[in-house]
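Take a look at the model below.

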Amino acid sequence: MEQQYILDAIDAALEAGSRIRAIYNDPVSDFGIELKADNSPLTKADKEAHRVIVSVLRNTPYPVLSEEGKHLPYVDRQMWHDLWIVDPLDGTKEFIKRNGEFTVNIALVADGVPVMGVIYVPVTRQLYFAEREMGAYKLNDITERGDKTLDALKAEAQRLSCKTPHAGYVVVASRSHLSEETKEYIEDLRRRHQHVELISNGSSIKICLVAEGKADIYPRFAPTMEWDTAAGHAIACAAGAEIYHAETGKPLCYNKENLLNPWFIVKPREI
């Protein structure tokens with residue numbers, strides 16, 4: 001994988017994060033909230049982040065499938081062996097609530113498999129980036145890359161491993177979409193493990209918590225779309241974890257005819 005592509009994704013995420021942060025921190029901003037056809041919220045931050053990301057990624061050879069962009073029919077998309085899958089603002093509900101738990105998600109997918117992922121948390125200024133052969137990294141307090149090379153970023157970053165030791169058994173779950181099925185699954189985990197701790201969080205941060213070894217498992221038995229998970233999936237895989245279909249046990253795949261994800265479980269890769 002050419003290093004320039006991950007640098008392009010990092011630049012796009014950081015610039016989008018900067019625009020989102022400016023809107024988020026504006027004391028007089030009403031966010032320009034609209035409702036989409038599925039009744040999910042859309043803000044001017046979503047739109048601006050989409051515009052920024054597409055303007056950067058259009059300089060690469062790959063098409064962009066963005067939550068806020070035009071979704072071509074599968075007859076066209078199935079010809080895309082490599083593509084970007086983007087959520088310009090993952091966690092719009094958390095953005096509106098002003099709790100800081102929202103992200104910018106950018107993934108490069110090859111033949112249905114996420115091979116590169118970038119996630120940026122605008123409020124905390126944390127950047128996660130990964131490539132399947134390079135590994136997964138986390139960089140704190142970054143707002144722009146400047147002229148730093150990928151090697152320079154890696155040298156400043158923390159290498160991630162889902163095997164990082166921590167106390168107890170930690171389950172991470174959605175703050176805004178905790179279904180009854182997920183609650184039942186968590187109760188079953190409590191019966192099987194001592195000292196189970198539940199962490200609630202928004203957006204793709206939940207996947208990152210498993211990737212960096214702060215959580216053992218993230219069950220999601222509620223609807224998500226491909227752009228919600230693709231970047232986190234790449235980061236999780238590069239850190240030794242996987243996102244498994246809750247019923248089949250197979251890894252999630254991408255650029256499907258139906259862009260809706262099945263229910264899934266994020267956990268360290270099974271040996």
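How many nonpolar, polar and charged residues does the lining of the largest pocket have? The lining has 10 nonpolar, 14 polar and 12 charged residues. Here Ala, Val, Leu, Ile, Met, Phe, Trp, Tyr, Cys and Pro count as nonpolar, Asp, Glu, Lys and Arg as charged, and the others, Gly among them, as polar.

Keep in mind that this model is predicted: local features need pLDDT of at least 70, side-chain atom pairs count only at pLDDT 80 or more, and totals for chains, interfaces and linings use all residues. Residues are numbered from 1 along each chain as its sequence is written, and side-chain values use heavy atoms, without hydrogens and water.

Back to the pocket. A pocket is an open set of points on a 1 Å grid over the protein atoms alone, where a 1.4 Å probe fits, with protein on both sides within 12 Å along at least five of seven lines; lining residues have an atom within 4 Å of a point. In total, 36 residues line the largest pocket. Ser-40, Glu-67, Asp-90, His-177 and Asp-228 lie nearest its centre. Strand E4 (82-90), helix H4 (92-97), helix H7 (205-211), strand E12 (218-220) and helix H8 (226-238) each give two or more residues to this lining. Helices (H or I, at least four residues) and strands (E, at least two) are DSSP runs, numbered from the N terminus.

Now follow E4 into its sheet. This open sheet has 7 strands, in the order E3-E4-E5-E6-E7-E8-E9, with mixed pairing. Strand E3 (64-66) and strand E9 (158-159) stand at the edges with a single partner strand each, so one side of each has no neighbour in the sheet. Two strands pair if DSSP finds at least two bridges between them. E3 and E4 run parallel, joined by 3 bridges. Leu-65 stands opposite Ile-85 in E4. On to E5: 7 bridges join E4 to E5, and these two run antiparallel. There, Asp-90 has Thr-103 in E5 as its bridge partner.

E12 and strand E14 (residues 264-268) pair over 3 bridges. Pro-219 stands opposite Ile-265 in E14.
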